[in-house]
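Open the model in your viewer and keep the selection tool at hand. This tour goes from one selection to the next.

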Amino acid sequence: MSWVPPVQFERDSRPPYTRRVYLPAYETLDPAALPWAEMRKYPERFPDLHIAKVASARTVVGMDFTPPGEEARRIYVKRSYLRSPLKRLFSRWQPSKEWREFQLALEFRAHGIAVPAPVYYAEASSGHPFPTRYFATEGLGAQWLCAQSHFLSAGDFDEHWDLLALFTRRLHHARLLHADYRADHLFLNREYKGGEADVTAAWTLIDLDGSRTGVAPGQHEVRRVLLQLAESLLPAGLTPSHLRRFLESYDPEGRFQLDPADLHRTAAHRRKLKSLRKPGKKKKS
């Protein structure tokens, strides 16, 4: 992927950053100044922030940002860093995962998928023992509801389930593959009233890390995607019948020869195995 930013973005290397790419309104955004270590350890001390994800080398936080002369807006900022010496070596020539995610977001949006708009990317080599990357997107609007919450609260797999099947079909026909197709990464537009005419207005995605464009998914990849979705929705009461309905809309031609009972059984087995694993210890930030 090219390092050249789209024409609407500015770029500079203002310290402590060795590279920045941003929409003009985000020139003053300074993610390196956020108290990342404290946010990770004591999230209760930051009631105005949404600590969305904490992993060994990655943190995602939701915050309000006010561009000069404009109203505040909600953004999500991801910070990650490279511990591995080998990855640090390759990073000299290869674009980072966050930069790939930046460009993936632009490509998904070019296909009419309302993923969160990328607004900022930066790299810094000072202030932390490892090379650090920052990637920011605008938050989804209030009309978007997490699929996990919807199906857990609805108590049934209603017409939105059928629209999700059509949305998934639309993604794959457009050669867009999401790498982690779980219910907590899918969002339903609560204001959608359009039936099946435009399913890209009914559903959208977040977290494009590891996703792909330009190549239609094959049978193995489709099965993996649907297993991810099924496993994430088992707590909401997903049944083989629900999966059969999904497949009737997603793959009416039967090209992928998927068995809803097998998908459900395999998803349940995978979930059981994960529940038996001992929780790992998180490394310090």
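Which residues have the most contacts inside the largest nonpolar core? Select W161, L164, F167 and W203 to see them. That core has 45 residues. Its largest share, 7 residues, comes from helix 6. Keep in mind that this is a predicted model.

Stay with F167. Leaving aside neighbours within four places in sequence, F167 is in contact with I113, Y181, L186, V199, T200, W203, T204 and L205. Another core lies apart from the largest one. It has 19 residues, including F65, I75, Y120 and A124.

Now look at the rings. The whole structure holds 15 aromatic pairs. Select F151 and W203, a stacked pair. Their centres are 6.3 Å apart, with 10 degrees between the planes. This pair links distant parts of the chain: F151 is in helix 4, W203 is in strand 11, and they are 52 residues apart. Both F151 and W203 are buried.

Move to helix 7, residues 240-250. Its buried residues are H242, L243, F246, L247, S249 and Y250. Why are they on the same side of helix 7? Because they cover an arc of only 160 degrees around the axis. Show helix 5, helix 6 and helix 8 as well; they are among what covers these buried residues.

For the last stop, select R45 and Y42. The charged end of R45 sits over the ring of Y42, 3.8 Å from the ring's centre.

Notes:
Residues are numbered from 1 along each chain as its sequence is written. This is a predicted model: local features need pLDDT of at least 70, side-chain atom pairs count only at pLDDT 80 or more; totals for chains, interfaces and linings use all residues. Side-chain values use heavy atoms; hydrogens and water are left out. Buried means under 20% relative accessible area, exposed over 50%, partly exposed in between (1.4 Å probe, protein chains only). Helices (H or I, at least four residues) and strands (E, at least two) are DSSP runs, numbered from the N terminus. The arc is that of the directions from the helix axis to the C-beta atoms. Contact means heavy atoms within 4.5 Å. Rings of Phe, Tyr and Trp (its six-membered ring) pair if their centres lie within 6.5 Å; planes under 30 degrees apart count as stacked, over 60 as edge-to-face and the rest as tilted. A charge sits over a ring if NZ of Lys or CZ of Arg is within 6 Å of the ring centre and within 35 degrees of the ring normal. A nonpolar core is a set of buried Ala, Val, Leu, Ile, Met, Phe, Trp, Tyr and Cys residues joined through side-chain atoms within 4.5 Å.
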